Structures are given as C-alpha cells and as structure tokens.
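Dear colleague,

Please find the structure below, handed over for your records. My notes on it follow directly after.

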Amino acid sequence: MLKVLTCLTTEHDLRLVVVAGLICFAACFTAFRLYSRLRGAKGLVRGAWLLLTGLVAGSGVWATHFVAMVAYAPGLKTGYSPTGTLLSLMISVMFMAGGFAVASAQRSRTNDVAGGLVLGMGVAAMHYTGMSAFVTQGVVQWEQATVAVSVLLGVSGAVGALAIAGRARSLVKQLAGGGVMTLGVCALHFVGMGSITIAPDPSIVVPDQLLSGAMLTLAVGSITTMIILGGLGAVTIESSTSRSALDRIRRLANAAYEGIVVVQDGRINDANAAFCELAGAELETLVGATFSTMLTLDGVAAARDGVRREGVLQPVDGGRPIPVEVFQRLMDDGARTETSGLTVLAIRDLRERRSAEEKIRYLAEHDGLTGLPNRNSLQARLAAALDRVEASGESLSLICIDLDHFKEANDLHGHLAGDALLVETARRLQELVTAPSFAARLGGDEFIVVQVAAGDQPAAAAELAGRMLESLSTPAAYEGQELAMGASLGVSLFPDDGRTAEALLANADMALYRAKESGRGAYRFFKREMDETIRERRTLARELRQAIQDEELVVYYQPLAKAADGEVCGFEALVRWKHPVRGMVPPLEFIPVAEENGLIAQLGEWVLRRACADAATWDRPLRIAVNLSPLQLNQPNLPTLVHEVLMATGLSPKRLELEITESALFKDYQRALDNLRRLKALGVRIAMDDFGTGFSSLSTLQSFPFDKIKIDKSFVENIHRHDRATVIVRAVLGLGRSLEIPCVAEGVETQEQIDFLRGEDCAELQGYAIGRPSPIDALSAWTLASEAAARPAVGKAQDAA
C-alpha cells in the first residue's frame with residue numbers, strides 16, 4: 001500500500017490525476033444515465049442505447065487510463081504504441097457494453113454481480129492491454145499479487161456501482177453509481193501502477209514515431225469529451241422529450257375517472273390523481289410503497305394480464321376498504337420489455353355500483369312502499385323458518401292479514417292516503433314481531449306475519465292475533481284527519497294445517513275468508529271443514545266468470561203495477577244463472593260470490609245492457625228498473641257507461657230507472673251523490689231501494705231528489721201481523737206524500753196487503769200478487785192485457801182471504 005501511495009504522490013502529476021478522475025466520473029455518470037434508459041428498452045432502441053452506453057463508458061475509462069499514464073513520470077523517456085492504444089480502446093468499449101447488457105437483462109442481484117464482473121474484468125483488460133503499449137527506456141517488472149488486488153478492486157467497484165444504482169431512475173442513484181464506478185476504475189489503475197518497477201536500460205531505444213504524451217492527451221481528451229457530451233446530449237434530449245410526453249400523459253391520466261397506477265417490481269412507480277384520492281394519500285407518499293399490501297384481488301394478491309378482476313383496496317389513511325375492479329397490462333410503449341416488470345393497472349371504484357346493486361337486490365326482495373319483505377322474499381324466508389322449527393322443535397304460525405277499510409281510504413282520500421295506511425300498518429306489524437318472526441307484504445292490502453315461538457300453539461298465535469287486531473283498530477293520522485283502520489286475520493298452524501309454505505298460505509287464506517264472512521275485525525283459525533266450503537265458492541266464482549263470457553246468465557223481469565188500478569207500468573230486471581250442470585243457481589248464492597271476487601261490476605254492466613236492449617224492443621214504453629251495486633255506484637265512469645248504453649240500445653233515458661240502496665251511498669258519499677246528479681242530468685230516474693233497512697237517514701232524502709222510494713218487503717210482509725211494521729209502512733208512505741216522492745211497496749203477496757197499500761195512497765206495487773219474475777218471452781201477457789191481468793190477481797187474493 002505504501003508503494004502505491006509513493007507511486008501516486010511522487011511519480012504522478014497530481015493535476016493530471018485530478019483531470020483523469022474528473023473524466024472518469026463524467027463518463028461513469030453519463031453511462032449510468034444512459035443505463036437508466038437501457039434497462040426498459042427493447043429491439044433497435046435497446047441496441048442504440050447499449051452502443052452509446054458502451055462508447056461513453058469505454059472511452060471514458062480508456063481516457064482515464066491514458067490521461068493518468070500521461071501524468072505518470074518515471075524519469076525516463078516514454079512513448080505509446082498506436083496499435084496497443086487502439087486495441088485497449090476497443091476492449092474497453094466492448095466490455096463496457098457487455099457488462100451493462102448483462103446487468104440490464106433482468107433486475108436481480110445475480111445480474112448485478114455478473115454485469116459488474118464483466119465491467120471490472122473489462123477495465124482490467126483495458127488497463128493491462130494499454131500498459132502493453134507503454135514503452136520506456138527500461139524493463140518493466142510486475143508484482144503479481146498487487147496486480148491481482150488491482151483487478152479485485154476494479155471488479156468490486158463495478159459490482160458495487162450496479163448494486164447501488166439499481167435501475168438508476170433518479171439522479172441520486174446515477175451520481176452514486178457513477179461515483180462508486182469511478183473509485184473502482186481509479187483504484188484498479190493506480191494500484192496497478194504501484195505494482196510495476198522500471199529497471200533503467202540505456203540499450204532500449206524509444207522510437208520517435210510513437211505517440212507522445214502531449215499528442216495522446218490531446219487526442220484522448222478531444223475524443224472522450226465529444227463522446228461524453230454526445231451521450232449527455234442524447235440523454236437530455238430523450239429526457240426532455242419523455243418529460244413532455246409524460247406531462248401530456250399525466251394530464252390525460254389525471255383527467256380519467258378511473259384510478260391509474262404504475263407498478264414496478266411490486267412497488268408503486270407512479271399514479272394519477274384519481275388513484276391518489278382512492279388511496280387517501282399524496283403521490284409522494286405512494287411512490288415506493290408495496291402495492292400488494294394495498295390491493296387484494298379475489299382473496300389473492302396477484303392478477304393476470306388482460307383479465308378484469310374484482311378486489312378490495314385498503315386506503316393508506318386507514319379508511320374503510322373500497323371495493324374495486326382492476327384491469328392490468330404490462331406497459332408497452334414500443335421500447336419496454338416484459339422483464340422490466342412495469343405494469344399499469346386501472347382501478348375502478350365499485351362503491352356506487354355495489355350500492356346500486358344492493359339497492360336493486362333490496363327492491364327485488366322488499367316492498368318498495370313499506371320496506372317489508374315482498375312475495376318473492378317471503379317464500380325464501382318462510383322456507384328457512386320451516387327448516388328452523390323442524391330442527392329446533394319451536395312452533396310456527398302463519399297469519400294472513402287483510403285491511404278492512406283500505407278501499408274506503410283510497411276512494412275517499414286518494415291513493416296517497418291509502419299508501420299512508422299501508423305504511424302505518426307495516427310499522428305497527430313490525431313493532432309487534434321480533435326476530436326470528438317477521439312480517440311481509442303480499443300486495444295490495446294483504447300482509448303476512450310468520451310467528452316463530454317457543455310457546456305452545458294455538459295459544460301463542462291467538463295472543464299475537466289479538467294484539468294485532470287491537471293495534472290495527474286504532475285510527476291512523478293523515479294530514480290532520482283520522483283514517484279508520486281495522487283488519488281481518490286468518491291463522492294456520494305448522495304442522496297441523498300444513499307442512500309446506502304453499503299449504504300454510506292457502507289455509508291461512510281460507511281462514512281469512514271465514515273471518516271476513518263473520519263480520520270482519522276478527523281472526524279465525526283454519527279448520528279442515530273450511531276447505532271444502534271455500535273451494536266450492538272459488539269454483540263457483542271461476543264458473544261465474546266463464547258464465548258471463550259464455551252468456552249463460554239470463555234476465556228475468558218482475559212487473560210493477562199501479563196500486564190504483566193494477567195496470568203494469570214497468571218491470572224490474574233480475575239476473576238469473578242457468579248453470580249447465582247445477583241448474584238454476586239462486587241469486588243469493590252467486591251475487592255475494594261476484595262481489596267477493598271482483599265480478600260484480602262486469603255482471604252489473606251485462607245486466608244493464610241486456611235489460612235496456614230488451615226494453616227497447618217492447619211495444620209499450622214501459623219503464624225498466626235495474627239495480628246498481630255499491631261498487632258500480634262509486635265508479636267514476638258510471639254516467640258515461642249509462643249514456644253509452646242508452647245510445648247503443650236506443651232506449652229513452654226517462655224509461656230507465658236505476659235502483660240503489662242507501663248503504664251504497666256511504667262507501668263514498670260525495671262521489672256517489674256526484675254520480676247520481678250526473679245520471680239525473682241524463683234524464684234517468686233514481687229510486688232508493690230497500691228503504692227502512694241499513695243506514696236509512698232522512699238527510700239522504702234531503703241531499704238528493706229521489707224519483708221513487710221502495711219500501712223493503714220485510715215491512716210489507718208484516719202488515720197487520722206486527723203493529724210496528726204497519727206503523728212504519730204508514731209512516732214511510734206519509735213521508736213520501738209530504739216530499740212528493742212516489743213510494744213502491746215490495747214483496748206484496750196478499751189482497752189484504754194490496755187493500756191496505758191502496759188505502760194509504762201507495763203509488764206502485766211489486767210482488768208475487770202482481771206477478772212472478774219471468775223471462776222476456778213471457779212478458780206479452782202483461783204488456784198486452786196488463787189491466788185485465790192485474791185485476792184477476794187482486795180478485796184471487798181477495799178470494800183466498
């Protein structure tokens with residue numbers, strides 16, 4: 001070591017030594033800047049960068065050697081062989097290019113060591129080849145151990161430089177790599193120079209044609225400077241172009257909605273603003289972070305190129321994990337290689353989509369108005385509840401709920417009021433049940449409660465049903481007014497009434513039907529005998545629907561006669577059903593079925609059209625009376641329908657008489673009165689049917705000018721049998737006279753009744769004493785000889801008396 005230091009300080013011009021060191025550092029720094037571009041390049045671009053790197057590094061190391069040799073002053077005449085000098089330059093360039101090529105092939109410690117070994121051996125080969133071109137007046141003697149140390153120092157410096165520089169992407173890495181490489185080259189050269197001893201020999205002649213030190217310095221300095229400047233220029237131009245392109249790419253990437261992140265060797269290299277926002281950190285914080293700790297794809301940390309995957313992104317700031325969709329590709333800009341490990345990932349935030357999917361899933365399983373499970377969800381939840389009670393031994397009941405006043409709320413206050421009633425019902429039901437029991441909405445005003453209880457049945461179901469009736473009987477507040485509430489309940493029990501969801505639902509529905517029949521506001525348990533009765537009624541409803549379509553129904557007509565002389569003045573249309581198998585089905589059987597199953601409006605319209613069409617064919621302009629059901633009376637299009645029927649049949653409006661019951665008015669009083677006034681405006685006559693029953697009120701007679709009052713037959717048939725009935729009939733007839741409203745007595749069957757009603761100035765009579773209901777082809781006997789036909793009937797009644 002002392003000999004090396006002595007050689008450096010006493011046998012070298014230190015000024016030129018410094019120059020050599022600066023040349024070496026400039027060349028090595030430039031080489032590492034070129035090396036940073038070389039690592040990711042491929043094809044011709046890679047070859048160009050490799051050639052330039054080899055030229056810069058090789059010529060720089062070579063120039064360092066020969067400038068340092070010029071600084072060497074052994075005290076003897078010296079010279080340099082041109083052949084050896086040029087050969088050492090070629091060796092330097094080739095080995096430098098080879099070493100950097102090996103190191104850049106793949107980012108690994110092995111490649112760094114292999115590349116460094118090639119570089120170090122190249123520097124040693126160049127140095128000792130260059131020394132072979134050194135000629136002086138003496139014999140050069142070598143210390144082999146020192147030579148070996150110099151080679152080792154050169155190789156170590158090259159390996160260390162590559163390891164420290166890594167990919168050499170930053171200026172600091174480039175400076176560090178260049179500095180360590182410079183130390184290795186200089187160490188090899190000066191330790192190598194310390195290994196020689198020159199024994200003077202005057203017999204050795206240094207030829208004059210050899211390169212002098214001054215000439216060599218000028219040539220080496222000029223060539224090396226141009227090469228280094230060329231390399232720096234290429235890097236600067238490429239960096240400027242790349243920076244401009246990167247700026248444009250970054251602006252474009254920051255404008256993207258999706259997060260974009262560039263990952264290299266598992267670490268974040270770059271990212272756009274959207275990804276930084278998702279990650280909850282600035283770009284400076286993210287660069288260098290391990291990407292796999294932030295992103296998990298389908299339970300694994302790796303993803304395949306070109307395949308969309310879903311996963312979870314964990315923000316750096318510790319926020320809630322974000323569901324994301326990831327699409328990745330290896331970066332390919334025409335100059336990158338797959339071995340560079342540079343991957344671009346597009347990260348799409350799935351929170352909005354997941355939220356929308358959850359909402360869609362919720363809406364698919366829940367009722368949009370009340371938030372209760374819907375029919376589809378009920379099936380799945382009921383099946384799960386049945387599995388639970390099978391395994392646990394708990395009890396289960398299914399309660400079917402139907403609101404009693406829902407239609408009234410809808411008709412009187414509008415659909416918003418009906419919706420408010422449904423929402424309030426759902427709220428009250430949810431308050432009454434606790435998990436695992438639950439409430440659901442089937443649709444309309446039908447609800448289901450599934451009770452899973454540890455107690456015995458039917459006691460537990462009865463207790464819950466009672467609390468439901470109590471809760472649902474309290475009126476609901478809506479826009480400053482109270483809406484009437486009430487419910488009817490049907491209950492089925494597992495396993496007594498069914499072991500499947502379908503059986504329990506069907507049997508609870510049958511029990512509900514029975515609860516409605518009993519007067520509503522009650523609950524009923526399913527009983528096996530209900531099954532056959534309800535099935536029969538449902539069969540009847542199905543056959544009635546078909547009968548209306550197939551015109552199996554017929555209209556019978558019962559005459560109305562003037563009480564004074566018995567002359568027939570009109571007929572009442574009464575519908576009959578001539579069933580092909582059952583025979584003649586009484587109206588008392590199929591009219592309630594029609595009302596329960598929504599067929600009454602269709603049936604009523606058919607009767608109206610048939611009766612008007614038949615009446616239009618009569619020779620005499622007799623009146624025709626048609627009954628209106630409460631549902632028909634409250635339909636907004638009733639006046640339009642009546643007008644259309646009159647126009648289609650050609651019947652005069654004054655011949656049509658529509659009969660309504662007073663109870664029908666109370667379904668929707670105002671709408672019913674509006675319809676009656678519009679019908680009256682058409683010229684149609686309006687009669688109040690069954691007066692004296694139901695909700696009879698004098699205010700109704702005051703509100704609307706009825707054309708006729710029909711006294712219910714329950715009073716007429718008790719004339720002279722019960723004093724109260726006789727008094728009521730007399731009072732109603734007196735009321736009619738006072739209001740100038742004609743009265744009709746229904747159910748007249750005896751001459752005694754006829755005589756009494758005549759004596760009380762009753763206007764018209766209807767009943768078996770006048771004539772039984774008959775088909776249209778039997779009416780001619782009354783219409784052609786009505787007066788003669790009526791009087792014998794009266795006479796016969798007197799004879800019977």
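**Salt bridges and other findings**

Glutamate 657 and lysine 708 form a salt bridge whose closest N and O atoms are 3.0 Å apart; a salt bridge here is a side-chain nitrogen of Lys or Arg within 4 Å of a carboxyl oxygen of Asp or Glu. Because glutamate 657 lies in strand β22 (residues 656-661) and lysine 708 in strand β24 (residues 708-711), the pair ties together parts that are 51 residues apart in sequence. Helices (H or I, at least four residues) and strands (E, at least two) are DSSP runs, numbered from the N terminus. Glutamate 657 is buried at a relative accessible area of 2%, and lysine 708 is buried at 1%. The terms are set as follows: buried means under 20% relative accessible area, exposed over 50%, and partly exposed in between, with a 1.4 Å probe and protein chains only. Salt bridges that share partners join Arg623, Glu657, Arg685, Lys708 and Glu764 into one network.

Please note that this is a predicted model, in which local features need pLDDT of at least 70 and side-chain atom pairs count only at pLDDT 80 or more, while totals for chains, interfaces and linings use all residues. Residues are numbered from 1 along each chain as its sequence is written, and side-chain values use heavy atoms, with hydrogens and water left out.

The structure holds 33 salt bridges. One of them joins the side chains of arginine 499 and glutamate 390 (3.0 Å, N to O). Arginine 499 lies in the loop between β16 (487-494) and α16 (501-517) and glutamate 390 in helix α12 (residues 375-392), so this pair ties together parts that are 109 residues apart in sequence. Glutamate 390 is partly exposed, with a relative accessible area of 46%. Arginine 620 forms a salt bridge with glutamate 567, the closest N and O atoms again being 3.0 Å apart. In this case arginine 620 is in the loop between α19 (600-615) and β21 (623-627) and glutamate 567 in the loop between β18 (553-562) and β19 (568-579), so parts 53 residues apart in sequence are tied together. Arginine 620 counts as partly exposed, at 29% relative accessibility.

As to the chain as a whole, there are 29 helices and 26 strands, and buried residues make up 48% of its 801 residues. Among contacts (heavy atoms within 4.5 Å) between residues at least 6 apart in sequence, 68% join residues at least 24 apart. The chain exposes about 37400 Å², of which carbon and sulfur atoms supply 57%; accessible areas come from the Shrake-Rupley method with a 1.4 Å probe, and for residues only the protein chains shown count as cover.

Two individual residues deserve a note. Glutamate 746 is placed in the loop between β25 (743-745) and α27 (751-759) and counts as buried at 11% relative accessibility. Leaving aside neighbours within four places in sequence, the contacts of glutamate 746 include Glu572, Asp690, Lys710 and Gln766. Aspartate 690, in strand β23 (residues 685-691), has a phi near 55°, a positive value in a residue other than glycine, and is partly exposed at 24%. Leucine 638 lies in helix α21 (residues 638-649) and is buried, with a relative accessible area of 1%. Not counting residues up to four places away in sequence, leucine 638 touches Leu628, Gln632, Leu633, Asn675 and Leu679. The C-alpha atoms of leucine 638 and leucine 679 are separated by 8.4 Å, although the two are 41 residues apart along the chain.

A cis peptide bond joins alanine 435 and proline 436, with omega about 10°; proline 436 lies in the loop between α14 (415-432) and β12 (438-443). A cis peptide bond also joins phenylalanine 494 and proline 495, with omega about 0°, and proline 495 is in the loop between β16 and α16. Glutamate 479 has a phi near 50°, positive in a residue other than glycine. Glutamate 479 is found in the loop between β14 (476-478) and β15 (481-483) and counts as exposed at 66% relative accessibility.

Yours sincerely
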